[in-house]
Amino acid sequence: MLKPYSLCALIALSQTPIYTAHASHQLDHFLSLSLEELISLETTIATTSKRTASKAPAVVSLITADEIKASGATNLTEALQTVPGIHIRSSQFANRPLIQFRGTTGNQTLVMINGNSLKDLTWNLGIFWKGIPASIIERIEVIRGPGSALFGADASAGIVNVITKTASRIRHNEFGVRSGSFNTQNLWLQHGNHFNGYEFAFTADFSRTNGHAPFIESDGQTNAIGPSYAPADANYGWESHDLRMSLAKDHWRLQADYREQQDVEIGLTGFGVLDPLTKGEDSRFNLDLFYNNTNFNDNWSLNAELRYQHLDYTSGEGFFERPPGYTDGSGTYPDGLINRNDASERRVTLQLHTSYSGFQNHNLTLGTGYTWQDLYSVVHMVNFGTDADGNPISAGSPLLDISDSQFAFAPEKSRIIKHAFIEDIWTINNNWELTAGARYDQYSDFGNTFNPRAALVWQTTEKLTSKLIYGKAFRPPTYNELFAFTSFSTPNTELDPERSETIELALNYTFHTDLLLALNLFHIQQSDLISRDNNGQYQNIGKHNIRGLEIEARWQATDTANFIANYTARSHDDNPPAIQEADHQAFISLNWSPSENINWNIQSSWIGERERRSNDSRQSVDDHTITDSTLRYSNSNYWEFSMSVRNLFDSDAREFTGRNITNDLPLAKRNIYLEARMKF
């Protein structure tokens, strides 16, 4: 880590500044945008044409970089907890953050960076995914609701699109460091410049942490034959490097980014067994070329995207599914149960869309695209279960290679996706606008899917905007569900995609320029949900309905203080629900600048009680409240300092886990971070 840190510092100190510091010591946008400015922000996440969030044909939330900084959030997942209806669930395996919308599972959420899906063929967001560092984020766009009519796969319950920093968005060069609890260190740099008509931007973020180490009283090995590591701490340390570059001129933009994670400790295996030995690695490289011309020809615009992505995963020496000395009916395993997984995947995507505005009161958009995903390298080695020929592996055997067999965790196989979509925005009159569209996707491995949507936006009064929204969406089966034989699951090549149908009513009322209230009512009907049957085979099993409401308020109380609050309530057609999500959650935040160089933020998130399934005799997961506070100070035009305390009141908060973890997964106790930023 010393070499990347030193390199980043050298770059920071050697660059020529492109902005001169203001005479005032006031911090840049300490209160972020005013409420009126925030409402006026435009977004394209809900449609192919720019619309403000309040008039977009979807329930849209926008989170700016300044809001993220004021809150003390260091990662995308921390910033998203401010959005109503979103719960960031911590997984026991590698402490992966699962982004769950409106009581659905994390695999029904589409996460994108600059419009590029992070989904892979086997592990959704990646087996070791840890989120996205806040230092690279310019803005987060969120849709609560379906989005397959625009974006295709996985946009069943919600969409998160991260807009990264480019030269046009970087107000000043910046070099920052952060250090704090769990032996955490973070260093970042941002630089933007203009030369000969070109815009150039570069960001870098390096971090490492031991992670919080929750104490696990008993695990999935506690009552099994053989030794157990429990009671002990689950180790969740990791290290990451994130480098991004963008180059733009006229209608063209080139973006490249590289992110790697090393020494990723998984803490607990999928069996719920402590694993203090595994250290995994992954990397992701993207190279994207964009063409955007809003005046390509009379009444025509043209947008084109060509993207390449490469992924690598390795579990290192393997996942230690059971500790050394584990014993079952076949004998004793001196080295434990070892499951080694390595994979490499590449993806090429070409998308074109054009808009025509020559029709009176209509804006018509047509688009098409082609995606080739190739899982071209799979290495799978085990010392338990079955060998490549389907024969039982005897206890005490060395690692055997089952990579090219049907028992590997995934086949070396490619997927081709072709799609076409159409969208029309019909301005009926000054107060009414109807957006309607549909997308057709053709998959090479499971078939076709068609997803329409419609949204009627009515400017009911000068202060009230009403939206009636309908949409269908889908999640395709993963390679694990289609092809992979494991010790606890059997694939099914006949699977259909999971489907959802959502209807929403959204009301936004602006009392005046300082107070905004919003009410969203939604009903989600899910069908063909993929789950394992009694024999462990994946099947499209049953339906699930979720109904709920979301209430939001934003109040610019004074020129120096604002409040944000929201509340979510939902109900399911099964009790307790099939998905262990709370029926109630809430969030409140105060942001206050008592002077031009001081800002204080305090925010609290409450997650309600979660009931167990009928086959789980444990008591319900208690509700919890976690309060975070950040104080930021500037003593000059160039320096900012801050201190953040997360879980300020040291709450005993726990995340739902399977029955192998008797007392669920403890979340991080009180932790503190110090930060310094230098503008140059």
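On this tour, two residues are in contact, or touch, if they have heavy atoms within 4.5 Å. What you see is a predicted model, in which local features need pLDDT of at least 70 and side-chain atom pairs count only at pLDDT 80 or more, while totals for chains, interfaces and linings use all residues. Residues are numbered from 1 along each chain as its sequence is written, and side-chain values use heavy atoms, with hydrogens and water left out.

**Stop one: D120.** Select D120, in the loop between β7 (116–117) and β8 (137–144). (Strands are DSSP runs of E, at least two residues; helices are runs of H or I, at least four; both are numbered from the N terminus.) Is D120 buried or exposed? D120 counts as buried because its relative accessibility is 2%, and buried means under 20%, exposed over 50%, partly exposed in between (1.4 Å probe, protein chains only). Now show its neighbours: leaving aside residues up to four places away in sequence, D120 touches L125, G126, L311, Y313, E345 and Q373. Its side chain also reaches the backbone nitrogen of W123 at 2.6 Å.

**Stop two: the open sheet.** Colour the five strands in the order β3-β8-β9-β6-β7; they form an open sheet with mixed pairing. Its edges are β3 (60–64) and β7, each pairing on one side only; to pair, two strands need at least two DSSP bridges between them. Zoom in on β8 and β9 (residues 158–164), which run antiparallel and are joined by seven bridges. Look for E141 here, standing opposite N161 in β9.

**Stop three: the nonpolar patch.** Switch to a surface view and pick W252, L289, L306, V348, L350, L352 and Y370, which make a nonpolar surface patch of about 600 Å². Which strand gives the most to the nonpolar patch? That's β24 (residues 337–356), with three residues. V348 is found in β24, and V348 is partly exposed because its relative accessible area is 30%.

**Last stop: N492.** Go to the loop between α6 (479–483) and β31 (498–512), where you'll find N492. N492 is buried, since its relative accessible area is 11%. Not counting residues up to four places away in sequence, N492 touches E481, L482, Q537, Y538 and Q539.

Notes:
Patch = residues over 30% accessible without salt bridge, like charges linked within 9 Å, V, L, I, M, F, W, Y side chains within 5 Å. Areas by Shrake-Rupley, 256 points an atom, 1.4 Å probe, with all protein chains shown as cover. Salt bridge = Lys/Arg side-chain N within 4 Å of Asp/Glu carboxyl O. Polar contact = N/O pair within 3.5 Å; in protein donor to acceptor, adjacent residues only side chain to side chain.
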